[in-house]
Each structure stands twice: as structure tokens, then as C-alpha cells.
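Work through these exercises with the model on screen. Try each task before you read its solution.

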Amino acid sequence: MDKQRFTLAVLTIVPLVVACGSEKATSGSGSGSVEAQRPVTGVDWQVQDITTSGATKKAQGKPYLTFDTASANNTKTGGKVGGRLGCNAVNATATVRTGYITLGRPSTTRMMCDASLMGTERALLALFDGQVDYRVDHDTLTLTSENGTIVHARADK
């Protein structure tokens with residue numbers, strides 16, 4: 001009888017442990033619901049702030065970045081990143097791997113804007129033509145470049 005109870009307990013607990021392995025509890029409501037971690041690709045990431053040389057500034061001009069993976073027909077060129085830097089639009093190649101993204105040389109439009117917008121743009125351009133580490137925590141993306149630039153962005157809802 002004890003062996004049967006033990007087996008029943010194991011068969012009840014193991015599926016619960018496995019189901020919870022890669023999911024994350026949502027905050028706020030206390031409902032106990034879980035959701036999968038948000039991917040970095042396919043999301044419009046609204047840039048909130050940028051840290052350069054130890055100083056953090058609020059992003060100006062509603063900049064955003066969207067990372068897309070390569071389509072099945074276009075695996076040679078990899079994925080892409082596109083968006084707005086505050087003033088100008090940007091496009092570049094982007095290879096997304098676990099924990100880091102390799103960004104190609106950016107191609108931008110060439111409008112001149114207010115100095116605050118251009119400051120945000122210059123800071124964001126420092127991410128390109130190199131590798132950035134990334135971390136996604138619920139709705140927040142943190143990018144950290146090789147030169148120490150840190151960008152915090154939130155998923156557009």
C-alpha cells in the first residue's frame with residue numbers, strides 16, 4: 001500500500017514540476033498565472049532610457065527597435081533590425097543568438113532634428129556595427145554594447 005501511495009505522489013508531482021520549468025509568474029494580480037518568457041524578436045521595443053559614460057538619459061522622440069529573424073528563404077543574410085532612432089529611421093542586419101545580437105552597419109535616413117533627438121540617435125547608433133548582449137525580463141529589454149552603452153526598452157503593447 002505504501003508503495004502505491006508513493007508512486008501516485010510521484011506521478012502527481014512530476015508533471016507539475018516539468019510544467020513550471022521555463023515559465024515565469026506574472027506580477028501584480030496574484031492570480032498565480034504563468035507565462036512564457038517574451039522573445040526578443042517580433043516585438044516593437046520602445047526605448048525608455050540610454051546610459052552612456054555612466055550617465056542615464058531619458059530617450060527622446062519615441063525611438064524603437066524591432067528585431068526579426070531570417071525567413072526560411074533568406075537564411076544567408078540573416079535577420080534584420082529596423083526602427084526609429086528618435087529622428088531618423090534605421091535598418092541593419094541582425095543575428096540574434098541566445099544572450100547576444102550581432103548588429104551590422106546601420107543604414108539611416110538623413111534628417112536633422114532637435115539636438116535632444118540627435119543626442120538620442122547618436123547614443124543608439126553606438127549599438128550598431130558590433131555585438132550587444134541582451135536580457136529580456138518580462139516586458140523589458142536591456143541591451144549592453146561592447147563600448148558600455150546600456151539601453152532599456154519596453155515591449156509595445
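The exercises below go from the whole chain to single residues.

This is a predicted model, in which local features need pLDDT of at least 70, side-chain atom pairs count only at pLDDT 80 or more, and totals for chains, interfaces and linings use all residues. Residues are numbered from 1 along each chain as its sequence is written, and side-chain values use heavy atoms, with hydrogens and water left out.

**Exercise 1. The whole chain**

Task: Describe the make-up of the protein chain: how many helices and strands does it have, and in what order do the elements run?

Solution. 
- Step 1. Count the elements. The chain has two helices and 12 strands. Helices (H or I, at least four residues) and strands (E, at least two) are DSSP runs, numbered from the N terminus.
- Step 2. Read the order from the N terminus: α-β-β-β-β-β-β-β-β-β-α-β-β-β.
- Step 3. Check burial. Of the 157 residues, 30% are buried. Buried means under 20% relative accessible area, exposed over 50%, and partly exposed in between (1.4 Å probe, protein chains only).
- Step 4. Look at contacts, meaning heavy atoms within 4.5 Å. Among contacts with a separation of 6 or more, 47% join residues 24 or more positions apart.

**Exercise 2. Strand partners**

Task: Which residues stand opposite each other along the way?

Solution. 
- Step 1. Start at β11 (residues 140-145). Five bridges join β11 to β12 in the antiparallel sense. T144 has I150 of β12 as its bridge partner.
- Step 2. Inspect the hairpin of β11 and β12. Four residues lie between the strands, and G148 takes a positive phi near 95°.
- Step 3. Go on from β12 (residues 150-155) to β3. These strands are antiparallel, with six bridges. I150 in β12 is opposite T51.
- Step 4. Cross from β3 to β5. Three bridges join this antiparallel pair.
- Step 5. Finish at β6 (residues 79-84). β5 and β6 pair antiparallel over five bridges. Y64 faces R84 in β6.

**Exercise 3. The largest pocket**

Task: Find the largest pocket. Which element gives the most to its lining?

Solution. 
- Step 1. Define it. On a 1 Å grid over the protein atoms alone, a pocket is an open set of points with protein on both sides within 12 Å along at least five of seven lines; lining residues have an atom within 4 Å of a point.
- Step 2. Take the volume, about 160 Å³. Grid points are joined across faces, edges and corners, and a volume is the space filled by probe spheres set on the points.
- Step 3. Select the lining: I50, T52, A55, K57, K58, A59, Q60, S116, G119, T120 and A123. Two or more residues each come from β3 (44-52), β4 (55-58) and α2 (115-125).
- Step 4. Name the main contributor. α2 gives the most, with four residues.
- Step 5. See what covers α2. Its buried residues are L117, M118, T120, E121, A123 and L124. Their cover includes β3, β4 and β12.

**Exercise 4. Single residues**

Task: Compare K62, D129 and S145: is each buried, partly exposed or exposed?

Solution. 
- Step 1. Select K62, in the loop between β4 and β5. At 72% relative accessibility, K62 is exposed. Its phi is positive, near 55°, although K62 is not glycine.
- Step 2. Select D129, in the loop between α2 and β10. D129 is partly exposed, at 47%. This non-glycine residue has a positive phi near 60°.
- Step 3. Select S145, in β11. S145 counts as buried because its relative accessibility is 8%. Beyond neighbours within four places in sequence, S145 contacts A126, L127, Q131 and V132.

Technical notes:
1 Å grid on protein atoms, 1.4 Å probe; cavity = no way out; pocket = protein on both sides within 12 Å on 5 of 7 lines; lining within 4 Å. Pairing = 2+ DSSP bridges.
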